[in-house]
Amino acid sequence: MTAMGRYGNHKSAPRYPHPFVNEVQLSSAQKIRGVLLGAVLFPTRLALAALFFLLMWPFAKLRLAGLSAKQRAEPVQGWRRWLLHPIILLLSRAVFFSLGFFWIRIKGRRADPREAPMLAVAPHSSFLDILILCPAALPTVVSRSENSSLPIIGALLEFNQSLVVSRKDPESRRRCAAQLKERLTSNGRWPQMLLFPEGTTTNGQALIKFKLGAFMAGVPVQPVLLSYPNKLNTVCWTWKGTDWMEVVWHTASQLYTNITVEYLPVYTPSQEEKANPTLYAANVQKLMAEKLGIPATDYVLEGKIPVQRMGCLSLPVEAPGREILTLLQRAGLSTSSVESALRRMMDRCQSGRESCVGVEELGSLLQLKDKRRAVDIFGLYSKEGRMDLRQLCLSVAAVSGLWSLESLIQIAFTLFDGERKGSLTSGEFKELLVALVGFSQNNTEELYSGISSRGQPTQEDLRTLLTDHPTYQKLFREYLKPVDVSGHGVLGNGIKELVINGSATSHKKDD
């Protein structure tokens, strides 16, 4: 099954640069049809879905009512299960039926919990994917602790005896991991569990790196493929693109929405995989990607930012410098205007004045007539209402094509050598790398130790690292390759000199 097969067979189906972006593509006829059908179907379906949701609440609350904390920590048995479980299952199916999911096509056989304590579902494309809980007989899930306080949702999570975890609390994550392992190794005492190992939603054109939670216990898992084979892809909800309300509108405005659930054979880990959860997760990811006909990638979502791996580096899937150049082009800035703006900001950073500015001052330095552009640019770098001009300068300069690599290294060193001491502290080195690649790196201390064996690293030490290290060579050759924003090649067009507080650097793009 190809990516196109998962969401229909349009020859014009869009291909995106990474899995974290999706836009509903509508023709004029589809827009008109959507408005006409949506005017009737959308309010009717939402009202019915809300009604069934409300009906679930008292049954969900009743399941654990009167039980002690100790009893709640054990799997529910007796009438609380055989009476209430089918009711919630039926009402859950009614919610999605009312939204237009009339049929669920099932392929394969769902394994018994003793055969496979874990169902690993991918690709994870939408919040609507929770429909899979219905054909899977309401397995237990893991949810964010914030969801527990939501009306009805919190009651349903309690009914499901879900594991809740606070991603910001290390102790909560450890406790959840221990509970997950206990349930997965209970030999069927606990109900089957279901996880989306990607951990976030994507457009389904690739599988992103699987998180290790489902694979830490070393028990067999059953891979499950989830697809929506419709002419129009309305269900995808990603980091960028169609928002959740548009997903609900477009989906509810269709006459019906197809969904297919395919259970693959149970995957039993080898001894090597049991000892190495990373290998186990990677092998299951590759297997599922092969069945789907899409690539298995190392994309991940870190701190709400989609990143990709390049050797030892974690890189944002969309380089901030490229986004800035695109925004500046849309604001009408020419190559010379971009150059002048960078010069003003670099001079400002080297003048001894504070390098962190607010959105108003940023707009003034960039000489933007439209303040909304300044707000957009500010949002890419801001932290606690301020942004560091050095980060903007270096990230834009790195992809602009205005400087050779040697000149870029000199600019980077000059910007971050705070006291002009001719060397970089550990903190300054870390800030420089963050500005260069657009994301905080985990191996900064190790890199710093490697280039500071003879004392704090100098500009020459920095140059050696960035030009000799294979990963950084690839970084400049591929990820930071100069971008065309003017329609006439990269920004640089010849040899110029930029003076930063008396230091001249060559404006020459690399050959």
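**Loops, surface patches and hairpins**

Guide: We begin with arginine 167 of this predicted model, a residue placed in the loop between strand S5 (163–165) and helix H7 (170–184).

Visitor: Is arginine 167 buried or exposed?

Guide: The relative accessibility of arginine 167 is 55%. The term applies to values over 50%. Arginine 167 therefore counts as exposed.

Visitor: Which residues gather with Arg167 in a patch of positive charge?

Guide: The patch lies on the surface. Besides Arg167, its members are Arg144, Lys168, Lys211 and Lys304.

Visitor: What is omega for the cis peptide bond at proline 123?

Guide: Proline 123 sits in the loop between strand S3 (118–122) and strand S4 (142–144). The cis bond joins alanine 122 to proline 123, with an omega of about -10°.

Visitor: Isoleucine 152 has a positive phi; is this residue buried or exposed?

Guide: Isoleucine 152 belongs to the loop between S4 and helix H6 (153–159), and its phi is near 70°. Its relative accessibility is 17%, and the limit for the buried class is under 20%. Isoleucine 152 therefore counts as buried.

Visitor: How does glutamine 367 stand, buried or exposed?

Guide: Glutamine 367 is located in the loop between helix H13 (359–366) and helix H14 (371–381). It is a residue other than glycine with a positive phi, near 55°. Because its relative accessible area is 57%, glutamine 367 is exposed.

Visitor: What accessible area do Leu62, Trp79, Trp82 and Leu83 have together?

Guide: Leucine 83 lies in the loop between helix H4 (79–82) and helix H5 (84–98), and at 37% relative accessibility it counts as partly exposed. With Leu62, Trp79 and Trp82, Leu83 forms a nonpolar patch on the surface. Together the four have an accessible area of about 430 Å².

Visitor: Which glycine lies in the turn of the hairpin formed by S10 and S11?

Guide: Strand S10 (residues 300–302) runs antiparallel to strand S11 (residues 305–310), and three bridges join them. Leucine 301 is opposite proline 306 in S11. Two residues separate the strands of this hairpin, and the one in the turn with a positive phi of about 55° is glycine 303.

Visitor: What is the phi of glycine 311, in the turn between S11 and S12?

Guide: S11 also pairs with strand S12 (residues 313–316), antiparallel and over four bridges. Methionine 310 has leucine 313 in S12 as its bridge partner. This hairpin has two residues between its strands, and the phi of glycine 311 is positive, about 60°.

Technical notes
Residues are numbered from 1 along each chain as its sequence is written. This is a predicted model: local features need pLDDT of at least 70, side-chain atom pairs count only at pLDDT 80 or more; totals for chains, interfaces and linings use all residues. Side-chain values use heavy atoms; hydrogens and water are left out. Patches are made of residues with over 30% relative accessible area and no salt bridge: like charges are joined within 9 Å, nonpolar side chains (Val, Leu, Ile, Met, Phe, Trp, Tyr) within 5 Å. Accessible areas come from the Shrake-Rupley method with a 1.4 Å probe; for residues, only the protein chains shown count as cover. A salt bridge is a side-chain nitrogen of Lys or Arg within 4 Å of a carboxyl oxygen of Asp or Glu. Lys and Arg count as positive and Asp and Glu as negative; His and the chain ends are not counted. The place of a charge is taken as NZ of Lys, CZ of Arg, CG of Asp or CD of Glu. Buried means under 20% relative accessible area, exposed over 50%, partly exposed in between (1.4 Å probe, protein chains only). Two strands pair if DSSP finds at least two bridges between them.
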